[in-house]
Amino acid sequence: MCGIVGVVSNAPVNQLIYDALLLLQHRGQDAAGIVTQQERKFFMHKAKGLVKDVFRTRNMRALPGNCGLGQVRYPTAGNAYSEEEAQPFYVNAPFGIVLVHNGNLTNAKALKHELFSTDHRHINTESDSEVLLNVLAHEIEKTTRGLPLQPADLFAAVANVHKRIKGSYAVIALIAGHGVLAFRDPFGIRPLCMGRSSDASGARVLASESVALEGTSHVFERNIEPGEAVFIDLAGQVHAQQCAESPVHNPCIFEFVYLARPDSVMDGISVYQARLNLGEALAKRVISTVPPNEIDVVIPIPESSRPSAAQLAQLLGLPYREGFVKNRYVGRTFIMPGQGVRKKSVRQKLNAISSEFKGRNVLLVDDSIVRGTTSQEIVQMARDAGARKVYLASAAPPVRFPNVYGIDMPTATELVANKRSVEEIRRIIGCDALIYQDVEGMKNAIGKLRPTIKNFDASCFDGVYVTGDITSDDIARLNENRVTADESDDDTSRLALPNHAE
């Protein structure tokens, strides 16, 4: 999961891209990067860390130009501590192309061999995004054949990219001297949308979520459709074409459950309303497990479970209370390496308000339960704060399967729900009752907000991989490429495009 943005404007774009990345920071906290173009020259700065830490005044001054790209990284393959794998990625031919990517290629290993043996291109990192860039560059080179670049050439290249690569991808690429190209995988798994300015800048903006448009005072226009490619030339003219043979719309349902900001609208679905609907559906499941008169209070586990918990409490006629205070300056538990660090971090992140728990039967509501270690610790925190009984409800179904499309879901053996019954999970977590959403209830709750979407990628819940090319052997192979972290690696060499003025 990453956040990406691209801009073509009549005014400098460095501040706009920076502001958009701040609004997408929830999509990745490991690294950030911006590239801009001025007179066909690229200027890039990227490094590990949060946006506010990566970019200082001197860095921003070194990013001139009226078009550019940005990315916040949440790595799911390769090395989380390698600055070489921070995006954007760059190749100098054809034309000069820089690229940012959100998603995960499931055939990256085979493509890497193909690129070397057939396309004669070199891949210097373990990142599948560099693989994707080189496939795109090779296909653009084939379609242009040394002639001036036309939008039709780009669309033909993207059509060939769709045939070669598998997995999930929302992509924005800046082509030196020509403009910005964006496209989305034929299943629309990862999100991408487009907007425009209403002032003299004439800016066109592409971003992972609508909040990056609205939060920078731009007008949301539309989503990029599955399989579609959009090219925005340097004059701001938009060219678009469907480039996939049989596109279908199967957006990732976990975006609505947890990943996206609640103030975003993705693929025509309000994330906030989706979470309200999940709470409504979950309320019916709670009633069948725990009588409401045995619950004194409903308490959300911050942050993304709040809408679901509030809706559930209202429907059950129960008090809704904030029982946990979150320390916003600690990294997400979800992306921390190592179970020991993860468990320790829970109490650093949350503190219980004892008065909301003491002597009460408490229903805790979470957006989802992945490994179960965090849930186990939070349940114990509630007991330590004086709760008489602790019930736990999940707005999402049991996470039983790994995700291969760009979310860092752990291997199956690390998932608390894998091959376990709800009762077995309850005993591990230590709550008095455990209530899960069911898969169909989740799909119906979100799907009714846009009936034209007939299915979602819900593979981490139901084991159905919408691309149709994933086997157990593939999952084992992809797990070999999961993020590695070596904090002792201080190598800051640059074989890619160097940071300007370093």
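A nonpolar core is a set of buried Ala, Val, Leu, Ile, Met, Phe, Trp, Tyr and Cys residues joined through side-chain atoms within 4.5 Å. Buried means under 20% relative accessible area, exposed over 50%, and partly exposed in between (1.4 Å probe, protein chains only). The model is predicted, so local features need pLDDT of at least 70 and side-chain atom pairs count only at pLDDT 80 or more, while totals for chains, interfaces and linings use all residues. Residues are numbered from 1 along each chain as its sequence is written, and side-chain values use heavy atoms, with hydrogens and water left out.

**Stop 1: the cores.** Select Phe254, Val286, Leu312, Leu363, Met442, Ile446 and Phe461. These have the most contacts inside the largest nonpolar core, which has 57 residues. Helix H9 (residues 271-287) supplies the largest share of this core, seven residues. Helices (H or I, at least four residues) are DSSP runs, numbered from the N terminus. Next, pick Leu105, Ala137, Phe183 and Phe231: they belong to a second, separate core of 33 residues.

**Stop 2: Leu312.** Leave aside neighbours within four places in sequence. Leu312 is then in contact (heavy atoms within 4.5 Å) with Gly279, Leu282, Ala283, Val286, Val298, Leu363 and Val365.

**Stop 3: helix H12.** Select residues 373-384. Buried residues here include Thr373, Glu377 and Met381. Just after H12, Gly386 takes a positive phi of about 110°.

**Stop 4: Ala212.** Go to helix H7 (residues 211-214). Ala212 is buried, with a relative accessible area of 0%. Beyond four places in sequence, Ala212 contacts Ala20, Leu23, Leu24 and Ala207.

Notes: Helix = DSSP H or I, 4+ residues; strand = E, 2+ residues; numbered from the N terminus.
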